[in-house]
Amino acid sequence: MAAKSDAKEIKEAVSDENEQEKKEPKLTDLPGVGPAVAAKLESAGIYDLMSIAVITPSDLAEVAGVSPAVARKVIQAARKMLDLGFVDGTEYAKKRESIHYITTGSKNFDALLGGRGVESRSITEAFGAYGSGKTQVGLTLAVNVQLPIEQGGANGKCVFIDTEGTFRPSRIKQIAEKLGASPEKVLKNIFVARAFNSDHQILLLDKISEMIKEGEPIKLMIIDSLTAHFRAEFTGRGQLADRQQKLNRYIHQLMKLAETYNLAVYVTNQVMANPAQMFGDPTTAIGGHIVGHASTYRLYLRRGKGGSRVAKLIDSPNLPDNETIFFVSEAGVVDGKEEE
Ligand SMILES: Nc1ncnc2c1ncn2[C@@H]1O[C@H](COP(=O)(O)OP(=O)(O)OP(=O)(O)O)[C@@H](O)[C@H]1O
Ligand SMILES: [Mg+2]
């Protein structure tokens, strides 16, 4: 029964998607954006209306060389053309109803994300140093998405795009076993693809659409890491804009998938030392502010005292910046050390 309504939903979503594709507006359709401004925007990695809709007026003013007032108008126009913003109450309620959540395995961590964990129709980005727990959170989510809804799952399958060769079937089995689930069954519900370069990573998204259209109940997509290939392939200073543009386009494709198929998307992001920063934590997420604006939830992960981990929520549009402690145990992400 559930499968049938899912299929219908997907069909509708797909036809919506096709319609959108036909009449996608261009940057120059915006009032006040001529070819010269459009060229400036494109060289900064902003090539479509969605990028404009999610940028801040001051950032836009800076890259486009226009006044903040003009920038604000352009952003408003982009949002209007994309039909972002207001929908009528029933439509809004319907959209919210279909949102599902996946528990991280830690109540504290879930609370940080608003109470129920990672949310569908949005991107959750975790950035942090080596060994901070980014992959472990992903592996735990890949298991937990399979739980029934009452237990904090989405009763669905997972796609895991592995760019670094760090996916470990044995670790999935361990987490599943600790949960009391069948390790083999859990592993079978995770579709793993190794992405060999950024183009391959991009291409894999088409494959995911296909699988969903064929009826696979995929509810979670993990990309670990989102940025590693992009960083490795665009190394020179002069290539920064190209990298940003490609990454930006990719993130919008992710958002579109998340929205179209009601998926939760979890991505990891490396950090690099930022020598310009004198105070605080000297690390900055790769991809800079464009990745930041597109992610609905950004988490900064780091090692804490006594083997703990700290997750800090940053720049959330609807939740306060906050942080919490969690642990990584044999059972995956947990609240306390004793749960081993
Ligand atoms: N079975 C396990 N039991 C307990 N802790 C584990 C287990 N497996 C991994 N860990 C912990 O997770 C850490 C690795 O974290 P993880 O691989 O998620 O880091 P990461 O943030 O993805 O790093 P990178 O940037 O290198 O990909 C290990 O150092 C260890 O502390
Ligand atoms: Mg990792």
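**Close-up views of a predicted model**

**View 1. Lining of the second largest cavity.** By residue class, eight nonpolar residues and one polar residue make up the lining of the second largest cavity, and no charged residue takes part in the lining. In this predicted model, a search of the whole structure returns two cavities of 30 Å³ or more, and the second largest cavity has a volume of about 30 Å³. Its lining consists of Gly32, Val33, Val37, Leu41, Leu60, Ala64, Val66, Val70 and Val74.

View 2. Ser51 belongs to helix H3, which covers residues 49-54, and Ser51 counts as buried because its relative accessibility is 5%, under the 20% cut-off. When neighbours within four places in sequence are left aside, the contacts of Ser51 are with Ile46, Asn248 and His252. Ile75 stands 24 residues from Ser51 in sequence, and the C-alpha atoms of Ser51 and Ile75 are 9.3 Å apart in space.

View 3. Residues up to four places away in sequence not being counted, His252 touches Tyr47, Asp48, Met50 and Ser51.

**View 4. The stacked pair of Phe127 and Tyr300.** The search of the whole structure for aromatic pairs finds four. In one of them, the ring centres of Phe127 and Tyr300 are 5.0 Å apart and the ring planes are at 25°, so the pair is classed as stacked. Phe127 is part of strand S3 (residues 122-128) and Tyr300 is part of strand S10 (residues 297-303), so the pair ties together parts of the chain that are 173 residues apart in sequence. Phe127 counts as buried because its relative accessibility is 6%, and Tyr300 likewise counts as buried, with a relative accessibility of 11%.

**View 5. The tilted pair of Phe230 and Tyr250.** Phe230 and Tyr250 form an aromatic pair with 5.9 Å from centre to centre and 45° between the planes, an arrangement that is tilted. Phe230 lies in helix H12 (residues 228-233) whereas Tyr250 lies in helix H13 (residues 240-261), so this pair ties together parts that are 20 residues apart in sequence. Phe230 has a relative accessibility of 0% and therefore counts as buried, and Tyr250 is also buried, with a relative accessible area of 0%.

**View 6. The whole chain as context for the close-ups.** The chain contains 14 helices and 13 strands, and 46% of its 340 residues count as buried. Among the contacts between residues at least 6 apart in sequence, 64% join residues that are at least 24 apart.

Technical notes:
Residues numbered from 1 in each chain as written. Chains lettered and ligands numbered in written order. Predicted model: local features only at pLDDT ≥ 70, side-chain atom pairs only at ≥ 80, totals over all residues. Heavy atoms only, no water. 1 Å grid on protein atoms, 1.4 Å probe; cavity = no way out; pocket = protein on both sides within 12 Å on 5 of 7 lines; lining within 4 Å. Points joined across faces, edges and corners; volume = space filled by probe spheres on them. Nonpolar A, V, L, I, M, F, W, Y, C, P; charged D, E, K, R; others polar. Helix = DSSP H or I, 4+ residues; strand = E, 2+ residues; numbered from the N terminus. Buried < 20%, exposed > 50% of the residue type's maximum accessible area, 1.4 Å probe, protein only. Contact = heavy atoms within 4.5 Å. Phe/Tyr/Trp six-rings, centres within 6.5 Å; stacked < 30°, edge-to-face > 60°.
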